[in-house]
Amino acid sequence: MTAARPVVVLAEELSPATVEALGPDFQIIQSDGTDRPRLKQDLAEADALMVRSATTVDAEILAAAPRLKIVARAGVGLDNVDIPASTEAGVMVVNAPTSNITSAAELTCAHILGLSRHVVPASAALKGGEWKRSKYTGVELQGKTLGVIGLGRIGGLVAERMKAFGMEIIAYDPYVTSARAHQLGAQLVTLNELYAAADVITIHMPKTPETLGMLNREAFSAMRDTALVVNVARGGLIDEDDLAVALDEGAIGGAAVDVFSSEPATDLAFFAHENVVVTPHLGASTAEAQEKAGVAVARSVRLALAGELVPDAVNVVGGAIDEYVRPGIPLMEKLGRTVTALAPDSLTDVETEAAGEIADYKVDALQLAALKGLLTDVVSEQVSHVNAPVLAEQRGIQTRLITAAGIDDYRNALTIRAATSSGAQIEVRGTLTGPKQIEKLIGIDGYEFELPLTEHLVVLEYSDRPGVIGALGRLLGEHAVNIAAMQVSQKSERGSALAVLAVDGPLPAGILDRLSAEIDAARAAEIDLEEHR
């Protein structure tokens, strides 16, 4: 029987290149993000939701999508997506953080040029039948000083482009080094120094509690009365009431604003000034930026629905995953499920270890995979790499990640050690071997062996004595359970042994108890690692 294709709901119109980037492996449903009843109905069987800016993704929408794994915003901003609610629901949120950087930088430059030469008011006057050459005399940018607040990707592009107009570039950014600023032809200064020296000020900061209203009455009063202020970054970085006052009082020479505290905005007080140019949030509104954004998030959707972590996910700790680390993620998840199957009661403490050559890499994703595996079979919620840390914290599970560079027996070994509420200690080890990176279980609680990690395993610990293996084979054979592989590990100091059997399918009801009684097992567990969609 052919498995159903994952369902991707497009809540808004996305470019043909976006749909093409998704490929033929998905069932595409075109919905309408502004029609909430219809969207909720379309999301009932959805695995992924792709939106732009018109669709609000909140707890109500998430509740209507029990299978949802990822929300992909084809753009940079995420104001329309409730990230905490998504995290709680185990839904990954991704955006396209680099898709609009060129478009936003170019619009910034366009506003700087337009303000300096009064392009917009001169055009409006001429279209209104007035020829006013003398009124709209502008200034050259050659030799003027551009102050860039935030010298990140977009601010850096603006600096590079305006440098070509002969402008001197100064910048304020507490997270950029002098060497990086020098590469961009900029000199780092304090914020007050920037306000005092700049002829044009452009802001490119993220919207945070610290930057909200950053350009306010105090900032405007520190600027030159001819200064031109540009914001194509985030609404709210400029205190809009204070901007209106500054323009009324002539404290600054003009402003260009593309983003607003509340959108759509059509009647703010500062709009009345002729030396103000406003655009309706056009920073990313180019065909190229929209296509880049759509293609980028389509790739993220493919990764997420393949069960992989996504570098652009905003609510997953860990970031980009090295190719050397990536094969360990599904292995670590299975080791987590194995620990849960062996645990006699609830977990209280979990230590994840990556040992060997892999310890030279960033391995945070392995801890996420371990937590996902540990919780998958014990909680009612959908568990993902997104909400696994939240669910663990809610259950009072202490977690830590360690690395160890040197091991003798394998190139790499992944280990989960756990403690339970009754004081039980569990340790499970695994590795990947050979060119095909075969997942193997190599240790349980100090017993050493090497067995491919298959979907159905049986673990039995017992007093080491003759006849046990025969008894196991006989009893399983009587119930038509085929043993695909088997390993036995002994501990002479305990006089005990551990048998790990790979079987072809789930055990019939009651057989595990009969096996345990037959050999007087100290411990018996069935481990089901089959994927459940």
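**View 1. Contacts of Met92 in the predicted model.** Leaving aside residues up to four places away in sequence, Met92 touches Lys69, Ile70, Val71, Ala304, Glu308, Val310, Ala313, Asn315, Val316 and Val386 (contact: heavy atoms within 4.5 Å). This is a predicted model, in which local features need pLDDT of at least 70, side-chain atom pairs count only at pLDDT 80 or more, and totals for chains, interfaces and linings use all residues. Residues are numbered from 1 along each chain as its sequence is written, and side-chain values use heavy atoms, with hydrogens and water left out.

**View 2. The largest nonpolar core.** Met92 is also among the members that touch the most others in this core of 71 residues, as are Val8 and Leu441. A nonpolar core is a set of buried Ala, Val, Leu, Ile, Met, Phe, Trp, Tyr and Cys residues joined through side-chain atoms within 4.5 Å; buried means under 20% relative accessible area, exposed over 50% and partly exposed in between, with a 1.4 Å probe and protein chains only.

**View 3. Salt bridge between Lys334 and Glu439.** The closest N and O atoms of Lys334 and Glu439 are 2.6 Å apart (salt bridge: a side-chain nitrogen of Lys or Arg within 4 Å of a carboxyl oxygen of Asp or Glu). Lys334 belongs to helix 13 and Glu439 to strand 17, so the pair ties together parts 105 residues apart in sequence. Helices (H or I, at least four residues) and strands (E, at least two) are DSSP runs, numbered from the N terminus.

**View 4. Salt bridge between Arg337 and Asp377.** These side chains meet at 3.0 Å, N to O. Arg337 is buried at 6% relative accessible area, whereas Asp377 is partly exposed at 41%.
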